Amino acid sequence: PQLLLLVQLTHASPNPSTTERYAQRLHASLALMDARLLATGAWLAGSDFTAADIMTIFTLTTMRMFHPLDLSQYPGILSYLERVAQREGYRKARVKADPELELMIEGKPPRPFRDRLKAVGKI
């Protein structure tokens, strides 16, 4: 939810301090998640893959096309995304959903969605 709010504020808020405050909150949340994942080497809710993981994947991958979030400073999150990408269910879902879409598990943000649309002449 924090990333979505930040995206909305980035495009709608005339007050940069509000946007910065939410960016700081997002990075604080990411730092907590990163520390937990580094400490456990597991999934978000413990040793089993759960709905918490499923609900978080989009935010840490595809959502970054709409707000260029760099995850390079979060090695625990990057390792987590590697583990997710190795899951058979994740691989199957990608094939069904959009096999041409890049994996987006690296730290640097993916190419923005708007740029992708421009490249194919859709905007």
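Predicted model: local features only at pLDDT ≥ 70, side-chain atom pairs only at ≥ 80, totals over all residues.
Residues are numbered from 1 along each chain as its sequence is written, and side-chain values rest on heavy atoms, with hydrogens and water left out. Local features need pLDDT of at least 70 and side-chain atom pairs count only at pLDDT 80 or more, whereas totals for chains, interfaces and linings use all residues.

Side chains of opposite charge can pair when their charged atoms come close. With a salt bridge taken as a side-chain nitrogen of Lys or Arg within 4 Å of a carboxyl oxygen of Asp or Glu, three salt bridges are counted.

In one of these, Lys 108 pairs with Asp 70 at an N to O distance of 3.3 Å. The two residues belong to distant parts of the chain, 38 residues apart, with Lys 108 in the loop between helix H5 (88–97) and helix H6 (113–119) and Asp 70 in the loop between helix H3 (51–60) and helix H4 (75–86); helices here are DSSP runs of H or I with at least four residues, numbered from the N terminus. Lys 108 is exposed at 57% relative accessible area, while Asp 70 is partly exposed at 27%, where buried means under 20%, exposed over 50% and partly exposed in between (1.4 Å probe, protein chains only).

A further salt bridge joins Glu 102 to Arg 116, whose closest N and O atoms are 2.3 Å apart. Glu 102 lies in the loop between H5 and H6 and Arg 116 in helix H6, so this pair ties together parts that are 14 residues apart in sequence. Glu 102 is partly exposed, at 32%, whereas Arg 116 is buried, at 15%.
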